[in-house]
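Colleague: Please walk me through this one. Keep it short.

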Amino acid sequence: LFEDFLLRTLGSGNPDLLLGKTAEASSAQENGTACFANDAKIFTSWRPKPEEKEPWWKVDLGCPHNVSGVELNWEYDQKEYKYKVEGSSDGCTWILLADRSSNSEKSKSQRLYFDARSVRHLRVTLLGWPEGEAAALVECKAYAQ
């Protein structure tokens with residue numbers, strides 16, 4: 001807990017690769033555009049249209065990076081979100097970096113660690129979210145190695 005507090009308060013010394021980068025999504029509600037998931041604001045979020053079955057959100061890092069992991073912050077605590085995280089060097093061919101299609105973790109903030117080389121684009125695809133709730137990604141961060 002102490003380490004988490006220090007990391008949240010002081011940071012890890014490793015800047016967020018996604019902050020302010022161009023984001024887009026398969027769909028978005030009027031009050032939840034793609035850019036809200038990487039704006040460093042806890043009161044905004046990307047909200048896909050409710051009728052979409054597997055909505056995705058992606059961001060262009062601007063140039064290739066070696067990515068060590070991501071942190072996803074969901075709207076609701078103690079709820080299950082199922083998703084996958086993929087990376088791409090060209091925005092066309094995607095490689096699975098983290099598969100959480102069977103995710104049972106109920107934490108609002110979820111950190112994933114991996115070793116991804118030469119990633120320019122990151123994509124999060126929602127595969128399931130709390131029944132009766134809107135799907136909402138409050139913030140996504142990525143870190144370089």
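Modeller: Burial terms come up throughout: buried means under 20% relative accessible area, exposed means over 50%, and partly exposed is in between (1.4 Å probe, protein chains only). This is a predicted model: local features need pLDDT of at least 70, side-chain atom pairs count only at pLDDT 80 or more, and totals for chains, interfaces and linings use all residues. Residues are numbered from 1 along each chain as its sequence is written, and side-chain values use heavy atoms, with hydrogens and water left out.

Colleague: OK. Which residues of the largest nonpolar core touch the most other members?

Modeller: Trp57, Leu72, Tyr83, Val85 and Leu122, out of 30 residues in that core. A nonpolar core here is a set of buried Ala, Val, Leu, Ile, Met, Phe, Trp, Tyr and Cys residues joined through side-chain atoms within 4.5 Å.

Colleague: And which strands each supply at least two residues of it?

Modeller: Strand 2 (56-74), strand 3 (82-88), strand 4 (95-100), strand 5 (109-128) and strand 6 (137-144). Strands (E, at least two residues) and helices (H or I, at least four) are DSSP runs, numbered from the N terminus.

Colleague: Take leucine 122. What is it in contact with, beyond four places in sequence?

Modeller: Leu18, Trp57, Lys58, Val59, Val70, Val85, Glu86, Gly87, Trp94, Leu97 and Ala142. Contact means heavy atoms within 4.5 Å.

Colleague: Rings next. How many aromatic pairs does the structure hold?

Modeller: There are 2 aromatic pairs. Tryptophan 74 and tyrosine 81 are stacked, because their ring centres are 4.5 Å apart and their planes are at 10°. Tryptophan 74 and tyrosine 83 are tilted, because the centres are 5.2 Å apart and the planes are at 50°.

Colleague: What cut-offs are behind those words?

Modeller: Rings of Phe, Tyr and Trp (its six-membered ring) pair if their centres lie within 6.5 Å; planes under 30 degrees apart count as stacked, over 60 as edge-to-face, and the rest as tilted. Trp74, Tyr81 and Tyr83 form one aromatic cluster.

Colleague: Are tryptophan 74 and tyrosine 81 buried or exposed?

Modeller: Both are buried. Tryptophan 74 has 0% relative accessibility. Tyrosine 83 is buried as well, also with a relative accessible area of 0%.

Colleague: Charges now. How many salt bridges are there?

Modeller: The structure holds 6. A salt bridge is a side-chain nitrogen of Lys or Arg within 4 Å of a carboxyl oxygen of Asp or Glu. In one of them, arginine 47 pairs with glutamate 75, with the closest N and O atoms 2.5 Å apart. Arginine 47 lies in the loop between strand 1 and strand 2 and glutamate 75 in the loop between strand 2 and strand 3, so the pair ties together parts that are 28 residues apart in sequence.

Colleague: How do those two score on accessible area?

Modeller: Arginine 47 is buried, at 15%. Glutamate 75 is partly exposed, at 22%.

Colleague: Which residue's side chain makes a polar contact with the side chain of arginine 47?

Modeller: Serine 45, at 3.3 Å. A polar contact is a pair of N or O atoms within 3.5 Å; within protein, one must be able to donate a hydrogen and the other to accept it, and residues adjacent in sequence count only if both atoms are side-chain atoms. Serine 45 is in the loop between strand 1 (23-25) and strand 2, and it is buried at 5%. Serine 45 touches residues including Phe36, Ala136 and Val138.

Colleague: What does the charged end of arginine 123 sit over?

Modeller: The ring of tryptophan 94, 4.1 Å from its centre. That label applies if NZ of Lys or CZ of Arg is within 6 Å of the ring centre and within 35 degrees of the ring normal.

Colleague: And what does lysine 82 form a salt bridge with?

Modeller: Glutamate 80, the closest N and O atoms being 3.2 Å apart. Lysine 82 is partly exposed at 24%, and glutamate 80 is partly exposed at 30%.

Colleague: Backbone, last topic. What is phi for alanine 40 and glutamine 78?

Modeller: Alanine 40 is near 65°, and glutamine 78 is near 60°. Most residues other than glycine have a negative phi. Alanine 40 is in the loop between strand 1 and strand 2 and is exposed at 53%. Glutamine 78 is in the loop between strand 2 and strand 3 and is exposed at 55%.
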